[in-house]
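Subject: Structure handover

Dear colleague,

Here is the structure for your files. My notes on it come after the model.

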Amino acid sequence: MSTAIENEVIYKAKLAKEASLEMQNKTTEEKNTALLAIAEQLLIDQAFILKVNAKDIEYGHKLGLSESPVRWLGTQSRV
């Protein structure tokens, strides 16, 4: 993995950790509202996610990965 990608992954992991700590102090209703917002955004971004996953599938085939994880990336029902 390139350094830029590694840095981005580490940065996003830190943001996720911070968010998880903040969510600990929220009510169930606030947590449910946040989860619904995330679900709505995933639906909005679904076409983009599937497009990027298609590139990952192609790359996985070039690397000779087994079909199971590659097929999982392309499954629309998982988005």
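The notes below go from the overall fold to the individual helices.

This is a predicted model, in which local features need pLDDT of at least 70 and side-chain atom pairs count only at pLDDT 80 or more, while totals for chains, interfaces and linings use all residues. Residues are numbered from 1 along each chain as its sequence is written, and side-chain values use heavy atoms, with hydrogens and water left out.

Overall. The protein has four helices and zero strands (DSSP runs, H or I of at least four residues for helices and E of at least two for strands, numbered from the N terminus). Of its 79 residues, 6% are buried (buried is under 20% relative accessible area, exposed over 50%, partly exposed in between; 1.4 Å probe, protein chains only).

Helix α1. Residues 3-23 form α1, which holds both Glu8 and Lys12, four residues apart or about one turn. These two form a salt bridge, with the closest N and O atoms 2.9 Å apart (a side-chain nitrogen of Lys or Arg within 4 Å of a carboxyl oxygen of Asp or Glu). Glu8 is partly exposed at 40% relative accessibility, and Lys12 is partly exposed at 47%.

Helix α2. None of the 17 residues of α2 is buried, so the helix lies largely in the open. Leu35 belongs to α2 (residues 28-44) and is exposed at 54% relative accessible area. Together with Ile38 and Leu42, Leu35 forms a nonpolar surface patch with about 290 Å² of accessible area (residues with over 30% relative accessible area and no salt bridge; nonpolar side chains, namely Val, Leu, Ile, Met, Phe, Trp and Tyr, are joined within 5 Å, like charges within 9 Å).

Helix α3. The buried residues in α3 are Gln46, Asn53, Ile57 and Gly60. They lie on the same side of α3 because they cover an arc of only 65 degrees around the axis (taken from the directions from the helix axis to the C-beta atoms). Ala47, Phe48, Lys51, Lys55, Tyr59 and Lys62 are exposed on the other side. Lys62 also forms a salt bridge with Glu58, the closest N and O atoms being 3.5 Å apart. Lys62 has a relative accessible area of 64%, whereas Glu58 is partly exposed at 45%. After α3 comes Gly64, with a positive phi near 80 degrees.

Regards

How values were computed: Areas by Shrake-Rupley, 256 points an atom, 1.4 Å probe, with all protein chains shown as cover.
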